[in-house]
Structure formats: structure tokens, C-alpha cells
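Me: Hi! Could you walk me through this one? I'd like to start with what the terms mean.
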Amino acid sequence: MMRPGNTLLLTLLLAPLTIVLALGTGSDGLALPSSLGALMSHGDPLLHDIVLNLRLPRALAAFGYGALLATAGVLLQAILRNPL
């Protein structure tokens, strides 16, 4: 079992990676390098709009909702004194 400090460090390292991977995932088949290039405003303006106006807000919202659901689960376990 991992120590809590190592778990937190791993989570902090993987969180930005998941957001970057979410930017490269979509129905139009954009590759990850082109999605990252759109963040730096290189290349196609349509690609720039897709990544910044559609994918980035959705990825950040999903990340935030996941964090809130995890917090709610921890709080419920603490309130009900359920140690799992």
C-alpha cells in the first residue's frame, strides 16, 4: 500500500496529464500534438476554437465535477463513520 504522501504526489502528477489527454480525444480524430499546438495558438484557427472553446471547458468541468464527487464521498464516509 502506498503512503498518503506518495498517493497525493502521484495524483498531482497525473491530473494535468489526464486533462491534456482529454484535449486530444474527440470525435473528429484530432491528434494530441495538434491539440496542444492549438493551445499555443499555432496553426488552424478552427482547431484553436475547437480546443479552447469546446474541449478545454469540458475537460476542466469534468475534472472539477469528479473532484467534487470524490469530496462528497469522503464527507459521507466521515459523517456516517464508515471506514470501508
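Reply: Happy to. Buried means under 20% relative accessible area, exposed means over 50%, and partly exposed is in between (1.4 Å probe, protein chains only). This is a predicted model, where local features need pLDDT of at least 70, side-chain atom pairs count only at pLDDT 80 or more, and totals for chains, interfaces and linings use all residues. Residues are numbered from 1 along each chain as its sequence is written, and side-chain values use heavy atoms, leaving out hydrogens and water.

Me: Great. Is Leu14 buried, exposed or partly exposed, and why?
Reply: Leu14 counts as partly exposed because its relative accessibility is 40%. Leu14 lies in helix α1 (residues 4-23); helices here are DSSP runs (H or I, at least four residues), numbered from the N terminus.

Me: Switching to α3, where does α3 bend?
Reply: At Arg55, by about 35 degrees, and a proline, Pro57, follows within four residues. The bend is the angle between axes fitted to the seven residues ending at a residue and the seven starting there.

Me: And which residues of α3 are buried?
Reply: Leu47, Ile50, Val51, Arg55 and Ala59.

Me: What follows α3?
Reply: Arg81, whose phi is positive, near 55 degrees, although Arg81 is not a glycine. Arg81 counts as exposed because its relative accessibility is 75%.

Methods. Helices (H or I, at least four residues) and strands (E, at least two) are DSSP runs, numbered from the N terminus.
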